[in-house]
Amino acid sequence: MIPFRVYFRPGVSLYEQVAYAAKKAMVSRQMRPGDPFPSVRVLSRELRINPNTAHKVVTHLLAAGLLEARPGIGTVVAELPESRKIERTQLLGHEIEQLAVEAKKLGIPLEEVVTSISEHWRKLGGRETGGPEAERGGRRKTMSVVRTENLVKTFWRVEALNGLNLDVLEGAVYALVGPNGAGKTTAIKILMNIFGPTSGRAEVLGVESARVVGRTFTSIGYVSENQELPDWMRVGTFLDYLRPFYPSWDRALEDRLIRQFDLPRERKLGNLSRGMRMKAALAGSLAYHPKLIVLDEPFTGLDPLVRDELIQGLLEQAEESTIFVLSHDLAEIESFASHVGYLEQGRLRFSEELEKLVERFREVQVTLDGSPRLPETAPESWMQLSSSPVVVRFIESRFEPERTKAEIRGVFGEVRDVTFSPMTLREIFLAMAKVGRNAA
Amino acid sequence: MKQILNIFRKDLRRYWRESAVSVALLVAYGWNDVKGWAGEGNVAAYGGIGGLISYQFLSGLVAALLPVAWAFLIVRVIQGEALVGDRQFWVTRPYEWKKLLAEKVLFVIVTINLPLLIEDFILLAKAGFPPTHYVIGLLWMQLLISLILILPIATLATVTASVVQMILAVLGIVLYMIGVAALVSVVPSSSFSGPADSVELTLLIATCGAVIIVAIRPAGDGPGTMADSGSCSGHRSDRSSYSI
């Protein structure tokens, strides 16, 4: 685990974003002088960035005097002497000038700029915490972009969706996850009006799904792993063909996406690798600034480099679009989703902000003095209860430190030790899937 | 109109070979026709008996291949935006069903009807008749060909996903007709001829038109679509679903 989080944003290089997040963790005292700083390898692995980028981050922080290399220990957060503060203030000169220019350009008065800076300053001081939404510049809004009510879909006797209630707010990066056959693709196909629902309602951008036709699609970008593309067309011809369909098609953005994805305009779509085809499909779905981007398993079977490129391309749109993504690639989802929903057997088991979800799940290990006996009744929020000679393990799905400790004492009496380990989205997903399977 | 022309350009770029073959066969058909008038009753005109046989074989072959080429072209262009299936990229693009339908009609007119009309004009002129005197008759012929030949093929193409499926469907229809014919021969009193013929023809044409519109029209644009129970693939597209 690395001691800071990075929510990658468009338009800024990965290196700058990681370096910025690290600096932010240092100035907000999340990382204190002497704290070990993650190695290049750990940074690269955890943030899924190129090792060269990770190396560049560490070198930059070392050069800026924010880190120091200690023999035998590794790289640690440096003590910042007074003199460095002046240098740092001088270093900010450029950023402050930029801020002043942008504020003047937008007609924001100085007082508002100062108030805004004070607010951010206060947040960094630890009185408030900034979740992913704050990181994304307060993108949280209240309008539902995707909404379903008691959505049911049956294929003959098979119930693919069983009363799905979904609400995706504008500006969210919503990931719908779930095991195979959970009904994820069916849900998306109903939303895209590829299927009709058996009963219930579905709305996309305020339009009933059955009416999602024609012009509505000028505001929707849909990319699926199973989509059939016109293989006979060249990449350039494909984009040329799509362009007239979209009044908001942005030629400059199209060119940028082509460069960013390294797409060969002259190559036929049928001759492209899977990853390149996905990139071509994505380019053809992003170039018109869609309000909603719908992705069905976009990362399946792609190599890490292509995934990074796709995610980067998506995040550059994230500021102006709502992203609704189905994926099994939970590690990738975790790196950029703001909300997550878990679908199982056609029902939504939970749907919440990723940050809150990760906060409420903990792997708990209770060490007892004697041989443990599993309790006959445990709190409902405890999952996968198991025991070994002196240890009981379980997953707490409603973690609150004091309440959970009290519950443990209530069940086991006095215990020798309790540890709470954070869980990744993948671990949470697996735990939920196992519970679901056992229940079935 | 912009959308119609955009799809039309795409179709023309993709199906230019099929279109060229269809036009070439039409030209060969007309050329054979003209040659037939010139050598009528004169075996020597064909270079003897052997020549006559090869001429007759060739003109027979062209006459048989022409409708096949037309059918192939119609099926390809309609199935280019296949109605059957749920994976075509275009079903989530801003296609408008009326424009899509109009584009397919335009394509068939430009690649089949128009060349045929031009050839009819030329043949009439070659035969010594002033074509301008027969415009209504020629247009009536075009309408009949469209209703009797093109429309049924287009209807089958909309409810099938590939040329193979289409051929199987045609075989099924042929077998059915053979069966009906056999039945009629067993029951001599039954007859399909008479005044009912025109009613049946009208019904056939109306059914074909309705199938195409229902298949192409999206769900949100009025009642009745090829619903989920749908066509051959078992799925449907509530919208116009023709894959490039």
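1. A residue is termed buried when its relative accessible area is under 20%, exposed when over 50%, and partly exposed in between (1.4 Å probe, protein chains only). By this definition S338(A), at 2% relative accessibility, counts as buried. S338(A) lies in the loop between helix 13 (330-336) and strand 11 (339-344) of chain A; helices (H or I, at least four residues) and strands (E, at least two) are DSSP runs, numbered from the N terminus. The side chain of S338(A) is in polar contact with that of H339(A) at 2.8 Å. A polar contact is a pair of N or O atoms within 3.5 Å; within protein, one must be able to donate a hydrogen and the other to accept it, and residues adjacent in sequence count only if both atoms are side-chain atoms.

2. This is a predicted model, in which local features need pLDDT of at least 70 and side-chain atom pairs count only at pLDDT 80 or more, while totals for chains, interfaces and linings use all residues. Residues are numbered from 1 along each chain as its sequence is written, chains are lettered from A and ligands numbered from 1 in the order in which they are written, and side-chain values use heavy atoms, with hydrogens and water left out.

3. At the interface, 30 residues of chain B are in contact with 35 residues of chain A. The count between these two chains is one salt bridge, defined as a side-chain nitrogen of Lys or Arg within 4 Å of a carboxyl oxygen of Asp or Glu. E96(B) forms a salt bridge with R215(A), with the closest N and O atoms 3.5 Å apart.

4. Within chain A, D255(A) and R265(A) form a salt bridge at 3.0 Å, N to O. This pair links distant parts of the chain, 10 residues apart: D255(A) is in helix 10 (residues 251-260), and R265(A) is in the loop between helix 10 and helix 11 (274-286). D255(A) is partly exposed at 30% relative accessibility, and R265(A) is partly exposed at 25%. Both belong to a network of salt bridges that also includes D240(A), R243(A), R251(A) and E254(A).

5. R349(A) forms a salt bridge with E344(A), at 3.1 Å between the closest N and O atoms. R349(A) is partly exposed at 40%, whereas E344(A) is buried at 7%.

Key
Contact means heavy atoms within 4.5 Å.
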